[in-house]
Amino acid sequence: MTHPSTVGSFDPSPRTVYERIGPAPISRLAERLYEGIGRDPTIRGMFSAELGPESEAVRDMREFLMQLFGGPQDYSARKGHPRLRARHLRFAITVDARAAWLTHALAALASTADEYRLDAATCAEMRDYFERASAFMINS
Ligand code: HEM
């Protein structure tokens with residue numbers, strides 16, 4: 001079905017990722033990221049015991065990504081400014097930990113893109129963000 005905002009318009013690409021794809025793929029990506037992390041022996045131990053779809057960890061990630069990509073600002077309403085690097089200082093994030101995290105983020109993105117038929121520009125924008133942000137998070 002054509003999105004209402006495209007009716008009578010030839011602009012196929014609204015401003016933000018969230019406006020283009022909506023909440024469902026972003027939510028699914030957050031779940032898949034933590035599914036991957038949950039099975040990763042190298043970084044699993046840093047994370048909470050519970051990483052399922054209803055977990056606090058997935059909720060934080062889901063709300064953060066929605067907000068980051070132009071959706072509702074629920075993360076900040078609940079938790080304040082993301083200060084992502086500061087919030088990660090209590091974890092020893094090495095080059096190897098970053099590589100593991102990024103592998104799961106990109107795998108989650110790839111399968112979500114496949115399931116929801118996400119366009120290439122949207123995928124590239126999300127991939128670029130994950131690559132840059134994860135490099136910025138290295139602190140050990
Ligand atoms: C570079 C490798 C990274 C590692 C090893 C890592 C590790 C962690 C850990 C252990 C937690 C706590 C999760 C829990 O409650 O069990 C966390 C939380 C979080 N991470 Fe990362 N992270 C990484 C990169 C990133 C990146 C690139 C993002 C941006 C998308 C991100 C976003 C978040 C968010 C939003 C939270 C929740 C923070 C909160 O509200 O307290 N992380 N991360």
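Predicted model: local features only at pLDDT ≥ 70, side-chain atom pairs only at ≥ 80, totals over all residues.
Residues are numbered from 1 along each chain as its sequence is written.

L33 brings us to the core. A residue is buried if 20 or more other C-beta atoms lie within 10 Å of its own, exposed if 12 or fewer, and partly exposed in between, and a nonpolar core is a set of buried Ala, Val, Leu, Ile, Met, Phe, Trp, Tyr and Cys residues joined through C-beta atoms within 7 Å. The largest such core has 22 residues, and those with the most contacts inside it are I26, L29, A30, L33, Y34, M61 and L65. At least two residues of this core come from each of α1 (17-21), α2, α3 and α6, where helices are DSSP runs (H or I, at least four residues) numbered from the N terminus.

Let me stay with α6, which has 22 residues and reaches 31 Å from its first C-alpha to its last, close to the 32 Å expected at 1.5 Å a residue, the expected span being 1.5 Å times one less than the number of residues. Among its buried residues are W101, H104, A105 and A108, and what covers the buried residues of α6 includes α2 (23-38) and α7.

What follows α6? That is R117, whose phi is positive, near 55°, although R117 is not a glycine. R117 counts as exposed because 8 other C-beta atoms lie within 10 Å. A second case is R83, in the loop between α4 (74-79) and α5, with a positive phi near 35°; R83 is exposed, since it has 10 other C-beta atoms within 10 Å. For background, most residues other than glycine have a negative phi.

Of the 21 residues around the ligand, S48, D60, F64, W101 and A133 come nearest. The elements giving two or more residues to this shell are α3 (56-68), α5 (84-87), α6 (95-116) and α7 (120-136), and α3 gives the most, with four residues.

Methods
Near = placed C-beta within 6 Å. Contact = placed C-beta atoms within 7 Å.
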